[in-house]
Amino acid sequence: MSKRALITGVTGQDGSYLAEHLLAQGYQVWGLIRGQANPRKSRVSRLASDLSFAHGDLTDQASLVSALDYVQPDEVYNLGAVSFVPMSWQQPELVTEVNGAGVLRMLEAIRMVSGLSTSRSARSGRIRFYQASSSEMFGKVAETPQRESTRFHPRSPYGVAKAYGHFITRNYRESYDMYGVSGILFNHESPRRGAEFVTRKISLAVARIRLGMQDKLALGNLDAVRDWGFAGDYVKAMHLMLQQDEPGDYVIGTGVMHSVRDAVQIAFDAVGLKWEDHVVIDPSLVRPAEVETLCADSSMARAALDWAPTVKFEELVQLMVESDLQQATRTRDYGELLAAADSW
């Protein structure tokens with residue numbers, strides 16, 4: 001019998017890569033989607049014949065119980081979240097409901113479906129749970145690089161909500177003997193990254209500037225430093241975490257830092273342009289409380305999971321620019337085709 005996995009956030013960047021990886025491992029994969037049409041469902045359309053879907057919402061406890069009871073998964077990957085950090089200052093209550101309380105609701109649903117209590121555990125056949133924690137929990141960092149034992153000091157409503165999800169997962173592990181793990185993932189990108197994120201914003205703009213479709217790129221803090229990796233590498237670490245004999249939390253990252261300025265230079269160099277001619281600084285894009293330096297010490301994951309990143313930062317940025325060049329070219333050609341048709 002093949003294993004069954006349920007993924008929340010299956011239509012996001014990480015969800016789509018994880019679904020592909022699990023299908024390649026022989027899993028039956030279910031994605032949790034809300035009842036209305038999901039505009040990002042096209043991201044997994046190429047997997048549609050292999051994927052199954054269950055209806056549920058991280059803000060609705062009963063729907064999660066129903067979905068778990070229906071799918072009967074061996075593994076649950078909770079990737080669903082409001083993931084754009086700047087938005088968390090604009091809608092902090094929504095972000096807290098989804099990214100914080102949503103984790104609690106899923107854990108409670110697993111506990112209820114599994115019949116767990118403080119006096120009764122089910123080590124055999126128990127549902128294994130993965131929580132997508134975040135390097136944003138470290139925030140104003142206490143040490144560099146950051147490891148599993150580094151103190152949290154989140155600097156955004158997003159980071160605060162993620163810290164709650166991290167600790168409530170640990171609490172259910174300790175209270176109910178639940179198999180729950182948290183992956184403290186540092187920034188990870190790909191051509192599937194949302195256009196609102198800075199790396200994709202850069203790659204999209206560079207492609208459009210190269211094709212003459214726009215002239216300027218507005219950015220905030222060019223000196224902010226991050227540990228960026230490839231999302232396709234990181235979902236493999238998620239899967240490995242749930243295959244261990246005992247549950248534990250792991251930091252996942254490359255251990256190499258780059259600034260936003262580095263990303264800009266590599267992206268513009270990829271198309272033979274000087275970034276200074278096109279980048280403008282917009283103070284309104286600077287975070288109210290900036291996280292200046294994030295760098296992962298993933299030595300525990302490398303040793304225990306036998307995991308390591310395979311795509312270097314320069315390769316990642318170039319991959320994203322090439323993908324967006326192809327996409328922008330199709331868009332431009334389609335626009336020119338429409339214009340020509342309108343002229344007849």
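Predicted model: local features only at pLDDT ≥ 70, side-chain atom pairs only at ≥ 80, totals over all residues.
Helix α4 covers residues 92–114, 23 residues in total, and its first and last C-alpha atoms lie 32 Å apart, close to the 33 Å expected at 1.5 Å a residue. Along its course, α4 bends by about 40° at Ala-101.

After α1 comes Gly-26, with a positive phi near 90°.

Positive phi values also occur at residues other than glycine. Gln-72 has a positive phi of about 55° although it is not a glycine, and it is placed in the loop between α2 (61–71) and β4 (75–78). Because its relative accessibility is 46%, between the limits of 20% and 50%, Gln-72 counts as partly exposed. Asp-177 likewise is not a glycine, yet has a positive phi of about 60°. Asp-177 belongs to the loop between α5 and β6, and its relative accessibility of 27% makes it partly exposed.

The loop between β5 and α5 (157–176) contains Pro-145. The peptide bond joining Thr-144 and Pro-145 is cis, with omega about 0°. Ser-156 is located in the loop between β5 and α5 as well. Is Ser-156 buried or exposed? With 4% relative accessibility, under the 20% limit, Ser-156 counts as buried. Ser-156 and Pro-288 are separated by 132 residues in sequence, while their C-alpha atoms are 8.5 Å apart in space.

The discussion now turns to the interior. In soluble globular proteins, nonpolar side chains tend to be buried together. In this model, the largest nonpolar core has 33 residues, and those with the most contacts inside it are Ile-7, Tyr-77, Tyr-130 and Ile-252. Helices and strands both supply this core: the elements that give two or more residues are the helices α1 (13–24), α7 (231–241) and α10, together with the strands β1 (4–8), β2 (28–33), β5 (128–134), β6 (179–185) and β11 (250–252). The greatest contribution is that of α7, which gives six residues.

How many cavities of 30 Å³ or more does a search of the whole structure find? The search finds one. The largest cavity holds about 50 Å³ of space, and its lining is formed by Thr-199, Ile-202, Ser-203, Ala-263, Ala-267, Val-317 and Met-320. Three helices, α6 (198–210), α8 (260–269) and α10 (313–342), are the elements that each give two or more residues to this lining. The largest share, three residues, comes from α6. By residue type, the lining of the largest cavity comprises five nonpolar residues, two polar residues and no charged ones.

Note on methods. Residues numbered from 1 in each chain as written. Heavy atoms only, no water. 1 Å grid on protein atoms, 1.4 Å probe; cavity = no way out; pocket = protein on both sides within 12 Å on 5 of 7 lines; lining within 4 Å. Points joined across faces, edges and corners; volume = space filled by probe spheres on them. Helix = DSSP H or I, 4+ residues; strand = E, 2+ residues; numbered from the N terminus. Nonpolar A, V, L, I, M, F, W, Y, C, P; charged D, E, K, R; others polar. Expected span 1.5 Å × (residues − 1). Bend = angle between axes of the 7 residues up to and from the residue. Core = buried A, V, L, I, M, F, W, Y, C linked by side-chain atoms within 4.5 Å. Buried < 20%, exposed > 50% of the residue type's maximum accessible area, 1.4 Å probe, protein only.
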